[in-house]
Amino acid sequence: MAAVSSWNLVFAQPSKEKRPPSSSLSWARSFPSKSHLPGGAAPTAGRAASLAVLSLLGAKPTVLVTEKLGDAGLDLLRDFANVDCSYNLSPEELCTKISLCDALIVRSGTKVSREVFESSGGRLKVVGRAGVGIDNVDVAAATEHGCVVVNAPTANTIAAAEHGIALLASMARNIAQADASVKAGKWQRNKYVGVSLVGKTLAIMGFGKVGSEVARRAKGLGMLVIAHDPYAPADRARAIGVEMVSFDEAISTADFISLHMPLTPATSKMLNDDTFAKMKKGVRIVNVARGGVIDEEALLRALASGIVAQAALDVFTEEPPPQDSRLVQHENVTVTPHLGASTTEAQEGVAIEIADAVIGALKGELAATAVNAPMVPAEVISELAPYVDLAEKLGRLAIQLVAGGSGIKSVKVGYASARGPDDLDTRLLRAMVTKGLIEPISSVFVNLVNADFTAKQRGLRITEERIMLDGSPENALEYIQVQIANVESKFASAMSESGEIRVEGKVKDGKPHLTMVGSFGVDVSLEGSLILCRQIDQPGMIGKVGSILGQENVNVNYMSVGRTAPGKQAIMTIGVDEEPCREALMAIGEIPAIEEFVFLKL
């Protein structure tokens, strides 16, 4: 006995976008009595098909690289794409070039603004940030335009951590100042007496990849390490001997503070007059994260008052900083020109990592480093991969069954599984159903990045339902069901007993199959296109339809018949490799025993 549990993803906000009418399925025309035939070319399925078309034509996608990238990464890109290395572009030049590019790779010096995405005309599919931080990319605009943003978060982790430790030690021992003094012909040993690191408390603000690596190294130097990060798990910190504490406790007890958080509205100018006032007098600060997390004028005041004894800065609010910057020229401030990731090994590693991510995204693969897509774990992606195509095709089938005058507002997606209620991550499948529902009636390209946003913009209400099955939970899903409520159908037999258009499918031998239309059980591979016929169940029907298709040289790849009872009504489902001509479909519709039929293009 199956139990049902459900949860809602409800988007009831009216769309402000001018929406094409539901009858914009212009290639499916209604004919008197019983047929729905193709009346022209199918509308584009969106930019999702563009790379496939390029591939068929032997063309390559174009990747624009606007800042220096390691040769190893460029070599990978050139094997797959046409690479345009154009450095030091003005914002206007970037907006002009971007409409000719499928992907863009930047470092921290290029601003990828909303204007860039708008200027791309929909062609830009991937923005790759060769590094960790993505504050120079308008991620919200990217999401709205269906553009994946990927970064390279791991390759420069060690380099950034090592630079943080280098600045920490150099600051404590006045290395930069002493070096300049000696080179100026002076010998000032008493002036540059430093402080020891051993036994001192280091507060790490932001306990991500870089912060945790700094902690490991600082522990090796004999420092007591505490950390603050509202999102980091405490058990991970404990595993390397670090205590997680509150923000106020971290800044008030530390002898050294090392910053490793991203620049966000919440962290902008996090260190300011108020927070400096809470610090221990004589504290020393290292920043290899983002310049904007420190109020630089407040830091100057803290240095003047002695609250901050020294600072070591690799990043600044404005880069490069003005030549007359008082902060840069301050004798108690050690500065470097954003060198956190600047090792030979890191530069090559970042280049390879971002090239792999961009190539994968251009191929349509889900990038593990995507920053504006739901963070679906790799093991979940792998397990659900066979169901991705099924989910999209069920959405495409369902929307094509809606009659021209119907407005679509409510869709229910059901997942039948023996898994527990919390043991099935359906975000990927929901996005693919949404893609299938929207792309055939819109010019919008839908992917995991913008699926929820696109549904919300169209006032589309998505309800997800878990259908609990008995049995072994070895397989993630038994079947997926898509239902559209409060609409009319161009194929009446697709309506369930409760009045919704209903299609259902499962994965068999690794391929998506349609297993139910309305209340009729069928079994047909979802390849090519489909012809659905409701007929009187009588001998010879398969031969009659097959003969018409054969005369038109249309290959049948799959066929099944589902019926209510012998001699009663039946649904014949025919999978075809080619689209039959109008005359062939009309001939099928004229077979006396066929009561209605519809052609559906996948």
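Helices H6 and H8 are oblique to each other, a class left over once angles under 35 degrees (roughly parallel), over 145 (roughly antiparallel) and 65 to 115 (roughly perpendicular) are taken out. This is a predicted model, so to speak of local features takes a pLDDT of at least 70, side-chain atom pairs count only at pLDDT 80 or more, and totals for chains, interfaces and linings use all residues. Residues are numbered from 1 along each chain as its sequence is written, and side-chain values use heavy atoms, with hydrogens and water left out.

**The chain as a whole**

- The protein chain has 19 helices and 25 strands; these are DSSP runs, numbered from the N terminus, with helices (H or I) of at least four residues and strands (E) of at least two.
- Of the 602 residues in the protein chain, 51% are buried. Buried means under 20% relative accessible area, exposed means over 50%, and partly exposed is in between (1.4 Å probe, protein chains only).
- Take the contacts in the protein chain with a separation of 6 or more: residues 24 or more positions apart account for 68% of them. Contact here means heavy atoms within 4.5 Å.

**Two helix pairs**

- H6 (residues 157–172) and H8 (residues 209–220) pack at about 50°, and their axes are 8 Å apart. Axes are lines fitted to C-alpha atoms, for helices over the stretch in contact, and angles run from 0 to 180 degrees between N-to-C directions.
- The H6 and H8 crossing is right-handed, the term for a near helix turned clockwise from the far one by less than a right angle, with anticlockwise being left-handed.
- On the H6 side you'll find Thr157, Ile158, Ala160, Ala161, Glu162 and Ile165, which meet Lys209, Val210, Glu213, Val214, Arg217 and Ala218 in H8.
- That H6 with H8 contact splits into seven nonpolar, one polar and four charged residues. Ala, Val, Leu, Ile, Met, Phe, Trp, Tyr, Cys and Pro count as nonpolar, Asp, Glu, Lys and Arg as charged, and the others, Gly among them, as polar.
- Now for H18 (residues 541–551) and H19 (residues 582–589): their axes come within 10 Å and cross at roughly 165°, so the two are roughly antiparallel to each other.
- H18 also passes H19 in a right-handed crossing. Val545, Ile548 and Leu549 of H18 make the contact with Ala584, Ala587 and Ile588 of H19, which comes to six nonpolar residues, no polar and no charged.

**Nonpolar cores**

- The largest nonpolar core has 77 residues, and Ile480 and Leu514 touch the most other members. A nonpolar core is a set of buried Ala, Val, Leu, Ile, Met, Phe, Trp, Tyr and Cys residues joined through side-chain atoms within 4.5 Å.
- Helix H15 (residues 378–400) gives the most to this core, with 10 residues.
- Not counting residues up to four places away in sequence, the residues Ile480 touches include Tyr387, Leu390, Leu394, Val413, Leu429 and Val503.
- There's a second, separate core of 29 residues, and Ile251, Leu259, Leu313 and Leu327 are among them.

**Loop residues worth a look**

- Ser489 sits in the loop between strand E18 (479–485) and strand E19 (501–508), and at 18% relative accessibility it counts as buried. Setting aside neighbours within four places in sequence, Ser489 is in contact with Leu401, Ala403, Ala494, Met495 and Ile501.
- Asn486 is in the loop between E18 and E19 too, but Asn486 is exposed, at 71% relative accessible area.
- Ile408 lies in the loop between H15 and strand E16 (410–417) and is buried, with a relative accessible area of 5%. Ile408 and Glu488 are 80 residues apart in sequence, yet 9.8 Å apart in space, C-alpha to C-alpha.
- Val132, in the loop between strand E7 (126–129) and helix H5 (139–144), is partly exposed at 37%.

- Most residues other than glycine have a negative phi, and most peptide bonds are trans.
- Asn486 has a positive phi of about 60° although it is not a glycine, and Lys269 has a phi near 50°, also positive.
- The peptide bond from Glu319 to Pro320 is cis, with omega near -5°; Pro320 is in the loop between strand E14 (308–313) and helix H13 (326–329).
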